[in-house]
Amino acid sequence: SKEDKKKAQDWFKEHQKTLAANSPYDGIAKGKNIIMIQLEAFNNFFINQKVNGQEITPNINKLIKDSMYYKNFYHEAAQGRTSDAEFLTNESMYPLTSGSVYVRYGNQKFDGLATNLSKAGYTTAAFHAYEKSFWNRYVMYQNNGMQHFFGKDDFKPGEIAGWALGDRPFFQQAIDKMKTFDQPFYSFMISLTSHHPYEIQSQYKELNLEGYSGIFANYLQSVHYTDKAIGEMVERLKKEGLWDKSVLIMYGDHDYGVKEDANMTKIAGVENTPLNVERLYNQVPLIIHLPNDAGKGIYEKTAGQLDIAPTIFHLLGMKPNNLYMMGSNIVSKEDNLVVFRYGSFTNGKVYYKASQDGVFSNGICYDLKTEQETDVQQCKAGYDESRERLTISDHMIMGNLVTEFEGKQK
Ligand code: GP9
């Protein structure tokens, strides 16, 4: 309706002001390449952790020491899984309650990373060693600023790990292609080896997982393989002279889908409580490596996938006018709201877990200071704000409003 459109427009106008907030990181990576890696089913609970005395992700742990590492970072994907994560991070809007935006609205234009970066003179490319039609990627990318898309057939045969070309040859071959690009470039790589059900070939199972078995053990083996691929990729970027010319961003796309609470909390070294399980299950790592290791450290701030694109613009010192992105720039913004599609949310002070029936008062409100349940009304304001954001996002997507609003501005 007219009213909904007005509400959305007003919301973006206000939101745009918060994106302009200053910080010491404003423009720190001006003109640099952006290399962003979306890691398949990559949770956070095993980062910086050991199993039977062995580091599960030694290369990522090493990289974190030189990077900004957000440990309270959440995935916000829903039914569209990997495609939802891509949509959240690239277009900075929420997924839908059912299906994948890539599949249902892939013909539409949004106002995302590749669109804005290509306008700013960047070469833009996506890499994924699988069928280009999966999740309707080739359609979505074409409409949203990706100048190149390298899919399965664009990669040479190499070591198979998991379902397809392993992440090790995948990253290496992607770098071969990146080397030929005009700089600056935006390269978006989507890994695949650590895909459910995590049945990685036995020659790549390097961890001694005595005491663990089945799918959980396979999962740890898979993420260990992907970690190795990342270590090799970082070395190669250094060798090619791309490391200090680029910002590297890495995050997990969605949870690993295995509900083994006792194993998960044990690896993370926390008590097996409903709140911890809920958080660990939804937390994925966010790692941002800036040239010269700027800003390195562990960040406690609560943030989500939706916040990645506006944060990149802040680091690049880009302030596009009338930007239709819903996320926040997390390096300067003090408080932050992470909204999950089915009504749960957290703002770092409370964590609200929605009930199956969706009735607000049937949900659970946790106070994150005490880690105890509190009066559900303590979560009401955040809940209302979350609903508002999801509704605006739905209107933007289902009403094709980016195109309509941008048309009006011309
Ligand atoms: C396939 C891959 C997996 O191309 O990205 O998607 P998922 O099944 O995890 O949503």
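The UniProt record, in an unreviewed entry, places the feature "binding site" at H195. UniProt positions are given in the numbering used here, feature names are shortened, and annotations may be inferred rather than shown by experiment. The structure is a predicted model, in which local features need pLDDT of at least 70, side-chain atom pairs count only at pLDDT 80 or more, and totals for chains, interfaces and linings use all residues. Residues are numbered from 1 along each chain as its sequence is written, and side-chain values use heavy atoms, with hydrogens and water left out.

H195 lies in the loop between β10 (185-190) and α8. Helices (H or I, at least four residues) and strands (E, at least two) are DSSP runs, numbered from the N terminus. H195 has a relative accessible area of 17%. The residue is therefore buried. Buried means under 20% relative accessible area, exposed over 50%, and partly exposed in between (1.4 Å probe, protein chains only). Residues up to four places away in sequence aside, H195 touches E40 and W163. Contact here means heavy atoms within 4.5 Å.

H196 also sits in the loop between β10 and α8. With a relative accessibility of 37%, H196 counts as partly exposed. Its contacts, leaving aside neighbours within four places in sequence, are W163, I215 and Y256. H196 and Y219 are 23 residues apart in sequence, and their C-alpha atoms are 7.9 Å apart in space.

A further "binding site" feature in UniProt, again from an unreviewed entry, covers E40, T82, D253 and H254. These positions are spread over 215 residues of sequence, yet they cluster in space. The largest C-alpha distance among them is 7.5 Å. From this set, E40 and T82 belong to the lining of the largest cavity. On a 1 Å grid over the protein atoms alone, a cavity is a set of points where a 1.4 Å probe fits but cannot get out; lining residues have an atom within 4 Å of a point.

E40 is found in the loop between β1 (33-39) and β2 (50-51). Its relative accessible area is 3%, so E40 is buried. Beyond residues up to four places away in sequence, E40 touches T82, S191, L192, S194, H195, D253 and H254.

D253 occupies the loop between β11 (246-252) and α9 (261-268). At a relative accessible area of 0%, D253 is buried. Neighbours within four places in sequence aside, D253 is in contact with Q38, L39, E40, A41, F42, H75, A77, T82, A85 and Q305. A polar atom of the D253 side chain lies 2.6 Å from the backbone nitrogen of A41.

Salt bridges were then examined. A salt bridge is a side-chain nitrogen of Lys or Arg within 4 Å of a carboxyl oxygen of Asp or Glu. By this rule the count is 19.

One of them joins the side chains of K132 and D154, at 3.5 Å from N to O. The pair links distant parts of the chain, 22 residues apart. K132 is in the loop between β6 (123-127) and α6 (137-143), and D154 is in the loop between β7 (148-150) and β8 (160-161). K132 is partly exposed, at 34% relative accessibility. D154 is partly exposed too, with a relative accessible area of 30%.

R236 forms another salt bridge, with D176; the closest N and O atoms are 2.6 Å apart. R236 lies in helix α8 (residues 214-239) and D176 in helix α7 (residues 167-178), so this pair ties together parts that are 60 residues apart in sequence. R236 counts as buried, at 12% relative accessibility. D176 counts as partly exposed, at 33%.

In a further salt bridge, the side chains of K353 and E278 meet at 3.8 Å, N to O. K353 belongs to strand β17 (residues 350-353) and E278 to helix α10 (residues 274-282), so the pair ties together parts that are 75 residues apart in sequence. K353 is partly exposed, with 31% relative accessibility. E278 is buried, with 12%. Salt bridges that share partners also join D176, K179, R236 and E240 into one network.

Notes. 1 Å grid on protein atoms, 1.4 Å probe; cavity = no way out; pocket = protein on both sides within 12 Å on 5 of 7 lines; lining within 4 Å. Polar contact = N/O pair within 3.5 Å; in protein donor to acceptor, adjacent residues only side chain to side chain.
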